[in-house]
Amino acid sequence: MSPAPLTLYRPGLAVGRDAQVLRRAASPEFSGWLEHTRPAGGCSRPIRLTDTIAAVDRNTGRITGQLHTDELPDRTLYKACGNRRESVCPDCAWVYRGDAYQVVCRGLTGGKGVPDSVGRHPVVFATLTAPSFGPVHHRHVARHTCRNRQRCDCRPAPCRARSTAGTCPHGQPAACFARHDADDPRLGRPLCLDCYDHAHQVVWNYFSSELWRRTKQAADRHLAARCRRRGIPKVGIVTASGKVRWVPPVRVSHGKVAEMQRRGAVHFHVLLRLDGVDPDDPDALVPPPAGITVDDLEAALHAAARQITVTTPPHPDQPDGWLIAWGEQVDVRRINTASGELTDDKVAAYLAKYATKATEATGHSSTRLTPATIDDYADPEGDHTARLIDACWHLGRPTPTHTSSGAATADHRQDSLDTRPRPYAGLRRWAHMLGFGGHFLTKARRYSVTFALLRDTRATYRREEDDEPTDTITVGTLTYIGSGWLTEGDALLANTAARQRREIRHIGREELAHETWLTGAAA
Ligand SMILES: [Zn+2]
Ligand SMILES: [Zn+2]
Ligand SMILES: [Zn+2]
Ligand SMILES: [Zn+2]
């Protein structure tokens, strides 16, 4: 007789976890523990803290109570990790994505302190990409007929059809006639790894935020010039010292998300909104003057993207530096126009989605690399990702300092780039991001509400929900003791409770919108 099918159980772990769950749930402190872990309930890897916490009266500043974490369940305070990356912590990323959606949406339609009138400002949605660093397998559909672009099953054109096929100097075919499926792992991979310029790509990623910064400034200058030509006067703002400063009558506020493409090059999705300037209240959000329109915004951005390039500082491997410029296509679209398929909601959902991702599209995902871990990921003879990481590590190596060639430009930032002692050192720090060291979501100060405001609002709301007096603030000098739940059983219990609370909780209108969008509207 064959033995009982014990293999149906996941041995070890599952049994251990079940035992942990039972032990925890049977303990008399269980409900207290559940309540205690609630603020971090859904988190995958909460931060564990210890030490003294004090309750302080907001009005008098007097300490009204004190507590050591030793008196708490598990003698620990649990705090959600707050990671924005879905691959790291789905629950914290869910919260972050909701906030990102709010930040973007409020900047488009107003609300939470942003005037509703922003809904009438000209807005464009631009996608700025990196240039080619060598041919990669790609999928191009001339006209989509699919309903969901995420699961596109349209017939694509042949990848890289050429009449004179031939091979590259390394013997690799220079053409590819495959019609790649949307999930083909070859997509974004070079036709020849040895022909591909991995070094240029990681340097491009590394300097892309600077390229964007200068492009934005150039767009501002183009708009100011258009105002001048049309006789729209500058606006005089009285500064703190009582002097009048004359500024252009329009300014552009933006929200920007970085997306890592499959080939490992970053590209940017940017919302640009045209605002006016109120001389009496320079911080107010007011519509731009009538003589300047969305056409001007669009033209200014196109002109700036064509015009601006960055030459990076000299490197021993590239004494003249690398040229950093945008790819050929700069896609600029209007939103909320009569014909447009792009609406506020769609754009906000799109941006928020990318805000919770990093390098996942490339198939690579790791934390910061160190001399101890680099060899697990970097390989100059390895696959595409291994070569990109290797390029970061190699270019970021300690090198003798270079003095600027003296070819100073009018742009002082260029000079400061050149005179930093080790301008490429950061490539090692950002090797796990394939060179990109910028934030995945950034926005101009004036664009919208801040993440901090949303977090505060949420905390206040939670306190009110709990009937806790809001004139008490909690302060503490807490010490980090570790990350993660104590056992797998704890993780299961806390996460399940959090999920149930979310399902039960009354869903307000905004949450409803958020949920709708999460369940597919954003596809
Ligand atoms: Zn978390
Ligand atoms: Zn191909
Ligand atoms: Zn399609
Ligand atoms: Zn080759």
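Arg24, Asp74 and Asp490 are linked in a network of salt bridges, a salt bridge being a side-chain nitrogen of Lys or Arg within 4 Å of a carboxyl oxygen of Asp or Glu. The model is predicted, so local features need pLDDT of at least 70 and side-chain atom pairs count only at pLDDT 80 or more, while totals for chains, interfaces and linings use all residues. Residues are numbered from 1 along each chain as its sequence is written, chains are lettered from A and ligands numbered from 1 in the order in which they are written, and side-chain values use heavy atoms, with hydrogens and water left out.

**Exercise 1. Find which residue pairs with arginine 85 in a salt bridge, and where the two partners lie.**

Step 1. Start with the general idea: side chains of opposite charge can pair when their charged atoms come close.

Step 2. The partner of arginine 85 is glutamate 360, and their closest N and O atoms are 3.2 Å apart.

Step 3. Now place them both. Arginine 85 sits in the loop between strand 3 (77-79) and helix 3 (90-109), and glutamate 360 in the loop between helix 6 (344-354) and helix 7 (374-377); the pair links distant parts of the chain, 275 residues apart. Here helices (H or I, at least four residues) and strands (E, at least two) are DSSP runs, numbered from the N terminus.

Step 4. Check accessibility. Buried means under 20% relative accessible area, exposed over 50%, and partly exposed in between (1.4 Å probe, protein chains only). Arginine 85 counts as buried because its relative accessibility is 9%, while glutamate 360, at 23%, is partly exposed.

**Exercise 2. Work out which residues hold the zinc ion (ligand 2), and what geometry they give.**

Step 1. List the protein donors, meaning N, O and S atoms within 2.8 Å of the metal (3.2 Å for Na, K and Ca); water is not among the atoms, so sites may look incomplete.

Step 2. Look at the angles. Four donors count as tetrahedral if all angles lie between 85 and 135 degrees. Around ligand 2 the 4 donor atoms give angles of 103 to 115°, and the site is tetrahedral.

Step 3. Read the spacing along the chain: H-x21-C-x16-C-x3-H. Histidine 137 and cysteine 176 both lie in the loop between strand 4 and helix 4, 39 residues apart.

Step 4. Histidine 137 is buried at 12% relative accessibility, as is cysteine 176 at 10%.

**Exercise 3. Repeat the analysis for the zinc ion (ligand 3): which residues are its protein donors?**

Step 1. The donors are His144 (ND1), Cys146 (SG), Cys152 (SG) and Cys154 (SG), lying 2.1 to 2.4 Å from the ion.

Step 2. Angles of 104 to 116° among the 4 donor atoms make this arrangement tetrahedral.

Step 3. The sequence spacing reads H-x1-C-x5-C-x1-C.

Step 4. Cysteine 146 is buried at 17%, and cysteine 152 is buried at 8%.

**Exercise 4. Describe the largest nonpolar core and the surroundings of leucine 272.**

Step 1. A nonpolar core is a set of buried Ala, Val, Leu, Ile, Met, Phe, Trp, Tyr and Cys residues joined through side-chain atoms within 4.5 Å. The largest has 61 residues, and Val203 and Leu272 have the most contacts inside it.

Step 2. Elements giving two or more residues to this core include strand 4 (123-128), helix 4 (198-229) and helix 8 (384-395). Helix 4 gives the most, with 11 residues.

Step 3. Contact means heavy atoms within 4.5 Å. Beyond neighbours within four places in sequence, leucine 272 is in contact with residues including Val123, Trp212, His254 and Leu301.

How values were computed:
Four donors count as tetrahedral if all angles lie between 85 and 135 degrees; four count as square planar and six as octahedral if opposite donors are over 155 degrees apart and all others between 65 and 115; anything else is irregular.
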